[in-house]
Structures are given as C-alpha cells and as structure tokens.
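Please go through the model with the points below beside you. They are arranged by topic and can be checked one at a time.

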Amino acid sequence: MKIFYFSGTGNSYQIAKKISNSFDDNVELIRIKDNDNVGIIKDKIVSIVFPIYYFGLPVLVEEFIREINISEDTYLFIIVTKGVSLGGGVKTQLEKLFEGKKKYNYFQYITMGDNFVLDFWDATNKTERLIRNKKATAKLLK
Ligand SMILES: Cc1cc2nc3c(=O)[nH]c(=O)nc-3n(C[C@H](O)[C@H](O)[C@H](O)COP(=O)(O)O)c2cc1C
C-alpha cells in the first residue's frame, strides 16, 4: 500500500500517518514533491492526502495527479483536509484530472484547523482548535 501526501503545515501529514497506522500492511508513506516521477502504480490500495488551497488543489498535487498512472485494480481513496470553506472546486478539479484515467473509489473531506488567518473564526482560540482536531480524529476513525 502507498499513501502519497502533501502537507504544508502538518495537518494532512497527521491524517496520512493515522491512515498508515490503521493498516497492518507494509505501508509506504510518500511525500509529494516537485518533479515526482512515480511511474505506474500497481499497489492494491493507494491513498492521496492533501489540503485545500484557495478552494482548489495545491499546484504540486495537481501536477502529481496529472502525471500518475494507477492500475485499474487499485483501490484509490482521496482525503482532503480543509479549514472552514465548503470545499470549493476540489471535486470538480479532481473529476477533470481523472478524466480518461482510473477513477478514485472514495473521497472524503476532513475539516481541521485553518493554518492561515481568516475572518471566519478565531484561529488563536486554543479550545476551538482542540475541538476541531478531536472532530477530525473522530471522523477519521468512523
Ligand atoms: C494558501 C492556503 C490556502 C488555503 N485555502 C483554503 C480554502 O480555500 N478552504 C479551506 O477550507 N481551507 C483552506 N486552507 C486551510 C488548509 O486547507 C487547512 O488548514 C489544511 O488542513 C492544511 O493542511 P496542511 O497542514 O497539511 O498543509 C488554506 C491554507 C493555505 C496555506
């Protein structure tokens, strides 16, 4: 099993790590980098975990998905961490990126603490941050 992740400040990495720990298999946790060339992926299970950036995909993730070639037999699930927005165009963007390719089997958003300052909520409120992280963990374990 392979888990590809991109994480600016650790939220998505935390989720990727939790997913990895929940599988007994030999799980490879692989950071998505610039100019990745992963070739054809034939693992039984593959996951891609990343945050929303400005209602869409981070550029590195977009490029990575454009390049990857995943076997039809693979179970592919995508987890997107986010702050307070509704998810914006991520799903539409993904539909386009996966056009003509093996489709993903499962998709889920996980709301976590925002990692940048917004007017919507007070990111300096530690209790609120704790509640969000607890909710995120509970959702993941469901
Ligand atoms: C540049 C930037 C843009 C972001 N845009 C959004 C957004 O449009 N909607 C949202 O809900 N969260 C947004 N966020 C918040 C992150 O998606 C969220 O905090 C995520 O969990 C961060 O994951 P990471 O720690 O793995 O980078 C943005 C964060 C950054 C840094």
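1. Start with helix α1, whose buried residues are Asn 11, Ser 12, Gln 14, Ile 15, Ala 16 and Ile 19. A residue counts as buried if 20 or more other C-beta atoms lie within 10 Å of its own, as exposed if 12 or fewer do, and as partly exposed in between, with C-beta atoms placed from the backbone. The cover over the buried residues of α1 includes β1, β2, β4, β6, β7 and α4. Here contact means that the C-beta atoms of two residues, placed from the backbone, lie within 7 Å. An α-helix has 3.6 residues a turn, so residues three or four places apart point the same way.

2. A word on the source: this is a predicted model, in which local features need pLDDT of at least 70 and side-chain atom pairs count only at pLDDT 80 or more, while totals for chains, interfaces and linings use all residues. Residues are numbered from 1 along each chain as its sequence is written.

3. The protein chain has four helices and seven strands. Along the sequence they follow the pattern β-α-β-β-β-α-β-β-α-β-α. Helices (H or I, at least four residues) and strands (E, at least two) are DSSP runs, numbered from the N terminus.

4. In what order do the five strands of the open sheet stand? The order is β2-β1-β4-β6-β7, and the pairing is parallel. β2 (28–31) and β7 (106–111) are at the edges with a single partner strand each, so one side of each has no neighbour in the sheet. On average, neighbouring strands of this sheet are turned by 20° against each other, direction ignored. Two strands pair if DSSP finds at least two bridges between them. Axes are lines fitted to C-alpha atoms, for helices over the stretch in contact, and angles run from 0 to 180 degrees between N-to-C directions.

5. The pairings can be followed across the sheet. Strand β1 (residues 2–5) is joined to strand β4 (residues 45–51) by four bridges, and Ile 3 has Ser 47 in β4 as its bridge partner. Between β4 and β6 there are seven bridges; Pro 51 stands opposite Thr 81 in β6. Six bridges join β6 to β7, where Phe 107 in β7 is the bridge partner of Ile 78. β6 is mostly covered, with six of its eight residues buried.

6. Which residues come nearest to the ligand? Of the 23 residues around the ligand, they are Gly 8, Ser 12, Pro 51, Gly 83 and Ser 85. The elements giving two or more residues to this shell are α1 (11–21) and β6 (75–82), and α1 has the largest share, three residues. A residue is near a molecule or strand if its C-beta atom, placed from the backbone, lies within 6 Å of it. The shell divides into nine nonpolar, twelve polar and two charged residues.

7. Thr 137 lies in helix α4 (residues 126–141).

8. Buried residues make up 27% of the 142 residues.

Methods: Nonpolar A, V, L, I, M, F, W, Y, C, P; charged D, E, K, R; others polar.
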